[in-house]
Amino acid sequence: MTVSDGRRSRTAAWSSSAVDIGGVALAADRITSAAQAFSVAAHLAADFASGAAARDRGRILPHPEVQRLAASGLLAVTVPAEYGGADLPPSAVAEVVRILATADPNIAQIPHSHFVYVNLVRLAGSAAQRQRYFAQVLDGARIANAQSERGGTTLADISTTLRPTGSGFRVDGRKFYCTGSLFANVLAVLTKLDDPEGRSGLEPGEYIAYLPADTPGVRIIDDWNGIGQRTTGSGTVSFEEVLVERDQLIRRSAAVQAPTGYGAFAQLLHAAIDAGIARGALTAATEFVRTTSRPWFEAGVAHAVDDPLLIQRFGELSVVVTAAEATLAAAGKTVDAATGQSRALPPDGGIDGVESSGTVVDIEQEEGAARASLAVAAAKVLADRAANEVSSALFEVGGTRSAATDLNLHHFWRNARTHTLHDPIRWKYQHLGRALLHGTAPPLHGVI
């Protein structure tokens, strides 16, 4: 188990003009179009695929691969155009994530929270925060989440506190499932304000603290031991008397409790990871049957690829994956449409300005956000099904040889089974059914 306690020899990347990782300064490339982003993602995916099984087998953390990802400029594609970014829409980001996930869903999941919390800056940050943070992202800074906790009745229960102290604040608590934390320059920490006397002047509720990963009092612990997604760095982060300045805080409700498409965007990226796993598993199954599998003797053919029952099964699996990809693409366009208004930000937001949640929300915006959440819910259901079915069917079509441990083909299934545990699809069905029968819009809580 590896522990980092904030004393790493890393520049304070969130306030410098370049990103310093392991003593090496990186300056990220600039991507200017969706076509360029897809091309770069495909090039990286081709390289990442060759070592994915070995990294999983030995739990070799993909530090070089994540550095390449950051240096490629892909992590900055959502930075608004007025701040020098490509300003790519959600559908394009989802396609980038899907492409990466076909090769290694671990690497695809690592920047999930990065994109989500860059989006929070966009939706709810002050003008000064946007200027500062977007500049760092353009230079290659990486954000990871410190959101979920193991305690509490449900995942919505947050015990990590934000308390006023002196001229600033103090964060105390312990997080788990902190995907990407081992690779991050910045941690986006979900806290609950503990200020019963109102000393801070802040509204009660939840705040995200954007902390440099090497802040004193932060301990990043490499203790993630899931059966899949083994190299995502999704372990524990603890905070003990961690000092935070006021300008590092963004109020979460400004994005989550308004029809901004915040939750739909986050869920769209999860669905993209699952769709990518499904495509990767189907590709691996196809290659294995073409090169290694033997035909069943009753088929009366010389090669497995000529077995009519195998041909039938591959056709079925192809439909499953194609349907998931098509639904993902359609959902992405729906999220694009819903987030069009929220992409035009007010001149200032944040905890001391006019929050984006204070802007006028019309019926069209509310309906657009609801359509986006429901479209993504359907995409999540199909991507979940595809990832689990195809990664399991890989062995069905590959035969006994495919189960050899040294091949590690089971990493597709383990990754699918682990990642699809995010935000259970049984509740996606509920929201879809309620909307259809009762006309009930999905709730605003960040995971729909």
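Colleague: Leaving aside its neighbours within four places in sequence, what is L74 in contact with?

Modeller: In this predicted model, L74 is in contact with I31, A37, V40, A41, L44, L69, V96 and F115, where contact means heavy atoms within 4.5 Å. Residues are numbered from 1 along each chain as its sequence is written, and side-chain values use heavy atoms, with hydrogens and water left out. Because the model is predicted, local features need pLDDT of at least 70 and side-chain atom pairs count only at pLDDT 80 or more, while totals for chains, interfaces and linings use all residues.

Colleague: And which residues touch the most other members of the largest nonpolar core?

Modeller: L74, V77 and F115 do, in a core of 44 residues; a nonpolar core is a set of buried Ala, Val, Leu, Ile, Met, Phe, Trp, Tyr and Cys residues joined through side-chain atoms within 4.5 Å, and buried means under 20% relative accessible area, exposed over 50% and partly exposed in between, with a 1.4 Å probe and protein chains only.

Colleague: What lies apart from it?

Modeller: Another core, of 28 residues, lies apart from the largest one, and A144, V171, V189 and F239 are among its members.

Colleague: Switching to rings, how many aromatic pairs are there?

Modeller: The count comes to six aromatic pairs, taking rings of Phe, Tyr and Trp (its six-membered ring) with centres within 6.5 Å, and calling planes under 30 degrees apart stacked, over 60 edge-to-face and the rest tilted. In one of them, Y177 and W224, the ring centres are 6.1 Å apart and the planes are at 70°, so this pair is edge-to-face.

Colleague: Where do Y177 and W224 lie?

Modeller: Y177 is in the loop between strand 6 (168-175) and strand 7 (186-193), and W224 is in the loop between strand 9 (218-222) and strand 10 (236-244), so the pair ties together parts that are 47 residues apart in sequence; helices (H or I, at least four residues) and strands (E, at least two) are DSSP runs, numbered from the N terminus.

Colleague: Is W224 buried or exposed?

Modeller: W224 is buried, with a relative accessible area of 14%, whereas Y177 counts as partly exposed at 40% relative accessibility.

Colleague: Which residues form one aromatic cluster with W224?

Modeller: F176 and Y177 form one aromatic cluster with W224, and R150 lies over the face of F176, at 3.6 Å from the ring centre, the rule being that NZ of Lys or CZ of Arg is within 6 Å of the ring centre and within 35 degrees of the ring normal.
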